[in-house]
Amino acid sequence: MTATDRTRELALAAAQAAADKKAQDIVIIDVSDQLVITDAFLIASAPNERQVLAIVDAIEERLVNLPEKAKPVRREGERGGRWVLLDYVDLVVHIQHAEEREFYALDRLWKDCPTIPFLDRDLVPAAPAAPTGNEASPTE
C-alpha cells in the first residue's frame with residue numbers, strides 16, 4: 001500500500017510552503033505500509049524557534065487555501081517552538097528545531113520506508129528559452 005494521491009498532494013504543497021520559508025532538510029516519508037493511522041510524514045527543520053513557527057504558519061495557510069481545503073485536526077508543540085506537529089490525519093507534519101531533529105532522528109527511525117520525491121520549485125533550473133527566429137546571427 002502506498003500513500004494516496006490526496007496525501008501526496010498535501011505533502012507536496014506543505015513541503016513547498018516549508019521550502020518557501022527556508023526550511024532545511026525537507027523529507028516526505030511514506031509510512032503507509034508501517035502505520036495504520038497515517039500515510040506520510042513530512043519532516044523539516046529550522047535553525048531557530050521563530051522560523052519553526054513561521055514555517056508551521058505557512059504550511060497551514062497553504063493547505064487551507066487548496067481547492068479542497070485541509071485543516072489540521074491537531075496542532076501540538078507550538079508554545080515551545082522547538083518541535084511542532086500538525087496532524088492532517090493522512091499526513092503528519094513535523095517541523096523541528098535543528099537540534100531536536102538531530103537528537104530525535106525521525107529520518108533514521110523511518111529509514112526503511114520509501115520517500116516521496118520533493119524538489120523545491122525555486123531550485124529547479126529554468127528551461128532555456130526556445131528560439132523565436134528573431135535572433136541576430138553571429139555574423140551580423
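Which strands does H1 lie across, and at about what angle does H1 run to E1? I started my notes there, and I found H1 across E1, E2 and E5, running at about 175° to E1. For such angles, axes are lines fitted to C-alpha atoms, for helices over the stretch in contact, and the angles run from 0 to 180 degrees between N-to-C directions. Contact means heavy atoms within 4.5 Å.

**Ground rules.** I am looking at a predicted model, where local features need pLDDT of at least 70 and side-chain atom pairs count only at pLDDT 80 or more, while totals for chains, interfaces and linings use all residues. Residues are numbered from 1 along each chain as its sequence is written, and side-chain values use heavy atoms, with hydrogens and water left out.

**Overall layout.** I counted 4 helices and 5 strands; these are DSSP runs numbered from the N terminus, with helices being H or I of at least four residues and strands being E of at least two. Along the sequence I read the pattern α-β-β-α-β-β-β-α-α. Of the 140 residues, 41% count as buried, and buried means under 20% relative accessible area, exposed over 50%, partly exposed in between (1.4 Å probe, protein chains only).

**The sheet.** I traced an open sheet of 5 strands in the order E1-E2-E5-E4-E3, with mixed pairing. Two strands pair if DSSP finds at least two bridges between them. E1 (24-30) and E3 (74-76) are the edge strands, each pairing on one side only. From one strand to the next, the twist averages 10°. I then looked up E2 and E5: they run parallel, joined by 7 bridges. For Phe41, the bridge partner in E5 is Val92.

**Helices against the sheet.** I went on to H2, which lies across E2, E3, E4 and E5 and runs at about 160° to E5. Back at H1, I checked the length: at 1.5 Å a residue, its 16 residues should span 22 Å, and the end C-alpha atoms are 22 Å apart, so the two agree. The expected span is 1.5 Å times one less than the number of residues. Buried residues in H1 include Leu10, Ala14, Ala17 and Ala18. Among the elements covering the buried residues of H1 I noted E1, E2, H2 and E5.

**The core.** Which residues have the most contacts inside the largest nonpolar core? I found Leu42, Ile59, Leu63, Tyr88, Leu91, Val93 and Ile95, in a core of 29 residues. A nonpolar core is a set of buried Ala, Val, Leu, Ile, Met, Phe, Trp, Tyr and Cys residues joined through side-chain atoms within 4.5 Å. Elements giving two or more residues to this core are H1 (5-20), E2 (40-46), H2 (49-64), E4 (83-87) and E5 (91-97). H1 gives the most, with 7 residues. I followed Ile59 and saw that it touches Ala14, Ala17, Ala18, Leu42, Leu86, Tyr88, Val93 and Ile95, not counting residues up to four places away in sequence. Apart from this core lies another, of 10 residues, among them Leu85, Val92, Leu106 and Trp110.

Most residues other than glycine have a negative phi. Lys22 has a positive phi of about 65° although it is not a glycine, and I located Lys22 in the loop between H1 and E1. Ala105 also has a positive phi, near 50°, and sits in the loop between H3 (98-104) and H4 (106-109). Which of the two is buried, and which exposed? Lys22 is exposed, with a relative accessible area of 59%, whereas Ala105 is buried, at 9%.
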